Amino acid sequence: MTDSGLKSRKRAHIYTVEDVATHKSAKDCWVARKGVVYNVTEFLADHPGGEDYILKYAGGDVDEVMADGSEHEHSQSAYQMLSEYAVGKIGSDFTTVDENWVATDDFHPEDTNAADDFEKSQFLDLTKPLLWQLLNSQFSKSYYLQQVHNPRHLSQSARLFGPAYLEMFTLTGWYVVPIVWLPIAAFLFFRSAAQFAGIYTSVLEPPSVFAASSAAYAQTGTCWAIGVVIWTLLEYLLHRFLFHLDDYLPDHPYFLTLHFLLHGVHHYLPMDRWRLVMPPILFFVLSYPFTRLAHLVFSMPVANGLVAGAFTMYVVYDCMHYALHHTQLPQYMRDMKKYHLAHHYKNFELGFGVTSKIWDVVFNTVLPV
């Protein structure tokens, strides 16, 4: 009976037990039996035992109660009738995340058997381009979030699009981050100092390193230091409230795909060394509103100094993020590595700090390790 009512479907919609539990009213009544999900809302008024009997078990599994003759006898035709209301199935509940998981200094997970993983989860086939599977997915948001936060591991980067000419834009080496953003941060730093000194160069003219006074550099240095602190807060807030916008994510394949591109792929394949840092275009898009805000709120020299500090700390953040996953580290960074890996393998709803735990302490989201 596991596939009753689903044999004619090209691919059954996959739900979680939690999905079914939300449908428990007379206007929206679902039940589950032997792994199949049924929407019996239209059947309530026709049930021989009355709709109250079904509503008593709405949102839950009815296999035992239907088989219990002393409770309510069901004929074979009743099971056949039930099959007409099938809307999907309960997905696998296997997990690789464990509240008792502890990171070791030499942590390196075994590679996932892609064929076995897909057979168990019916989620994503790691041997095929992932984005097309997500765009055409038949699983609920709840099942997507359950699976994407269960890490898998491959020796090579999984394909997102397929063709090599598209795939190359999804892969970023850690060294790209300092190469692209440190010169920009330096340019903004010296421009800020020149502007504090009253030397207003044009946008494209490089500021002279030696033209500004020491007082101007002190002002810029103060703004730069504040920008560094601001980035540590932004790092926490973006990670917690944008990258983990799980509760507010619309239940639609397009939004699930967007979530996957933004951060889901990192939780799904956390040791993929080519997808651990942000592609420059993604960081530009995410940072642009904040840089514009800085220039709207503050004067030009202050804004440039703040952005220079934030960009510098962003480079530290992304390079450190890479190192936490793949590099032998000094003690502080080894501790932060265990802390960050616990965010992946223990509890993704806590431990949002990457460079430090300070904002986790402030906002009470520290992850015990």
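This is a predicted model: local features need pLDDT of at least 70, side-chain atom pairs count only at pLDDT 80 or more; totals for chains, interfaces and linings use all residues.
Is the crossing of helices H10 and H12 right-handed or left-handed? The crossing of H10 and H12 is right-handed.

## Helices H10 and H12

Helix H10 covers residues 214-243, and helix H12 covers residues 280-297. Their axes come within 13 Å and cross at roughly 115°. Angles of 65 to 115 degrees count as roughly perpendicular, and H10 and H12 are therefore placed in that class.

Which residues of H10 meet H12? They are Trp231, Leu234, Leu238, Leu242 and Phe243. On the side of H12, the residues in the contact are Phe283, Leu286 and Phe290. Sorted by class, this contact has eight nonpolar residues, with no polar and no charged ones.

## Leucine 286

One residue of this contact can be followed further. Leucine 286 is found in helix H12. Its relative accessible area is 16%. Buried means under 20%, so leucine 286 is buried.

Leaving aside residues up to four places away in sequence, leucine 286 touches Leu242, Phe243 and Met278. Leu242 and Phe243 belong to H10. Leucine 306 lies 20 residues from leucine 286 along the chain, and the C-alpha atoms of the two are separated by 16 Å.

## The five-stranded sheet

The model also has an open sheet of five strands, with mixed pairing. In what order do the strands stand? The order is E1-E5-E4-E3-E2. Strand E1 (14-15) and strand E2 are at the edges, and each has a single partner strand. One side of each is therefore left without a neighbour in the sheet.

Strand E3 runs over residues 28-33 and is mostly covered, as five of its six residues are buried. In the sheet order, E3 stands between E4 and E2.

Strand E2 (residues 24-25) pairs with E3 in the antiparallel sense, over two bridges. Serine 25 stands opposite aspartate 28 in E3. The two strands are joined by a hairpin, through two residues.

On the other pairing, E3 and strand E4 (residues 36-39) are also antiparallel, with four bridges between them. Alanine 32 has valine 37 in E4 as its bridge partner. E3 and E4 form a hairpin too, with two residues between the strands.

Most residues other than glycine have a negative phi. Two residues of this model can be set beside that rule.

Lysine 34 is not a glycine, yet it has a positive phi of about 50°. Where does lysine 34 lie? It is in the loop between E3 and E4, in the turn of their hairpin. Lysine 34 has a relative accessible area of 38%, which makes it partly exposed.

Asparagine 364 is not a glycine either, and has a positive phi of about 60°. Asparagine 364 is in the segment after helix H15 (358-362). Is asparagine 364 buried or exposed? Asparagine 364 counts as exposed, at 69% relative accessibility.

Conventions: Residues are numbered from 1 along each chain as its sequence is written. Side-chain values use heavy atoms; hydrogens and water are left out. Buried means under 20% relative accessible area, exposed over 50%, partly exposed in between (1.4 Å probe, protein chains only). Two strands pair if DSSP finds at least two bridges between them. Axes are lines fitted to C-alpha atoms, for helices over the stretch in contact, and angles run from 0 to 180 degrees between N-to-C directions. Angles under 35 degrees count as roughly parallel, over 145 as roughly antiparallel, 65 to 115 as roughly perpendicular and the rest as oblique. A crossing is left-handed if the near helix is turned anticlockwise from the far one by less than a right angle, and right-handed if clockwise. Contact means heavy atoms within 4.5 Å. Ala, Val, Leu, Ile, Met, Phe, Trp, Tyr, Cys and Pro count as nonpolar, Asp, Glu, Lys and Arg as charged, and the others, Gly among them, as polar.
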